[in-house]
Structure formats: structure tokens, C-alpha cells
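My notes follow, entry by entry.

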Amino acid sequence: ERILPRLRERSPRTVLHLRPGPTPLLALAGQVLAVTRPGTAPDRAAMTTLAAALQADPRQLNVHLHRLAEQSGQQVVLFVDQLEEVVTLGSPAATADAFLSAIATAADPVDDLVRVVFTVRDDFLGKVARREAIRVALVHVAVVRRLDAFHLRDAVLGPLRRAGHTLDDATVVDAMVAGLEGEPAALPLLQ
């Protein structure tokens with residue numbers, strides 16, 4: 001929740017934000033089409049066509065995103081939230097590998113026109129890392145520590161405050177946070 005606003009604060013960027021879901025290449029294709037064709041919702045046929053192209057050659061994502069960066073004059077950030085969905089929601093192995101390969105090769109180490117940021121639960125990092133397609137990219141991973149009780153509470157109440165809302169009984173949040181103490185994936189469970 002805090003990463004994207006901070007990225008946008010630093011300088012203007014084009015951000016593609018997605019959760020892979022059970023059809024990660026379609027989700028990715030939808031985001032690419034949404035930013036390359038602003039003002040029009042991507043249709044299913046175009047998404048399917050792009051997803052098939054990415055399945056056949058995952059490096060095409062690099063081409064699409066670099067072209068977008070050059071046309072917009074802005075850095076492009078591909079933000080993949082809950083990357084573990086690629087290996088937990090039943091995507092066929094070939095689809096999962098193509099998706100992971102696409103995001104692993106999207107950013108070019110030579111320039112900073114395109115960057116990829118992803119989140120993955122620590123208890124699934126090993127499962128994701130077993131996939132050859134992403135293993136090389138994981139060398140550049142920065143690990144963000146597990147949230148403590150104070151920050152878990154803020155993860156619930158912060159968005160409410162920013163939206164101008166409050167809870168009638170904030171102790172409900174304390175009880176929720178206390179119930180998750182010691183859980184390796186407290187934040188996703190809290191969501």
C-alpha cells in the first residue's frame with residue numbers, strides 16, 4: 001500500500017499494478033493494454049492475443065514496456081502484488097513459467113526505463129524461487145521484514161484515516177492483530 005505512492009512521489013512514473021490471479025498472463029496483458037491504450041478498456045480478444053504472444057516469447061514484455069517508457073517519457077514500473085499467486089492458484093506450469101520469465105526480463109539492467117517490483121509472502125518465497133524463470137531476478141530482491149503489531153494495526157487504520165473514516169470500536173482491530181500474532185503471513189490474513 002505504501003510502495004506505490006512513494007514511487008509516484010519521487011517523479012512521474014507510469015505504473016502497471018496487478019495481482020496475477022489464476023490467469024497471470026491475461027492479468028498482465030490487461031494491464032499492458034490499459035496503459036498503452038488509455039481511455040479504452042482492453043477487450044478480451046486483445047488481452048488473449050497479447051497473453052498468447054507473451055506465452056510464446058516472454059521477452060516481448062520488455063519490448064512493450066520500453067516502448068511505453070520511450071513514448072511517455074516516464075519510467076515504467078511494473079508492480080506485481082502477491083506474486084505467490086502464480087504458484088498457488090493453479091496456473092499451468094507453462095503459463096506460470098512464461099509469466100515469471102516475462103516479469104524477470106521486463107527490466108533491463110542497462111537502463112532504468114523499466115523497473116519491476118513485486119511482493120511475495122515470505123512463506124512462499126522458496127516455492128517461487130524454485131522456478132528457473134525467476135531465480136536470476138531474485139538475486140536483486142530486497143527483503144522487507146514482517147510487520148509488527150503496531151504496523152499491522154496501522155495497515156488497517158491508516159487507509160481509513162486517509163479516507164476520512166473511523167471505526168466505532170478500534171479495539172476490534174487490536175483483537176484482529178492479536179489473533180494473528182506469530183503468523184508468518186499476518187498481513188494477507190488481515191486483508
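Entry 1. I began with Arg 59, which counts as exposed at 56% relative accessibility; exposed means over 50% relative accessible area, buried under 20%, and partly exposed in between, with a 1.4 Å probe and protein chains only. The side chain of Arg 59 meets that of Asp 57 in a salt bridge, 3.0 Å from N to O. I use that term for a side-chain nitrogen of Lys or Arg within 4 Å of a carboxyl oxygen of Asp or Glu.

A reminder to myself: the model is predicted, with local features needing pLDDT of at least 70 and side-chain atom pairs counting only at pLDDT 80 or more, while totals for chains, interfaces and linings use all residues. Residues are numbered from 1 along each chain as its sequence is written, and side-chain values use heavy atoms, leaving out hydrogens and water.

Entry 2. How many salt bridges does the structure hold? I find 4.

Entry 3. Next I looked up Arg 19 and Glu 85, whose side chains form a salt bridge at 2.4 Å, N to O. Arg 19 sits in the loop between β1 (13-18) and α2 (24-36) and Glu 85 in helix α5 (residues 85-88), so this pair ties together parts 66 residues apart in sequence. For these labels, helices (H or I, at least four residues) and strands (E, at least two) are DSSP runs numbered from the N terminus. Glu 85 is buried at 6% relative accessibility, whereas Arg 19 is partly exposed at 46%.

Entry 4. Asp 174 belongs to helix α10 (residues 171-179) and Arg 153 to helix α9 (residues 149-162), so the pair ties together parts 21 residues apart in sequence. Asp 174 is partly exposed at 34% relative accessibility, and Arg 153 is partly exposed at 28%.
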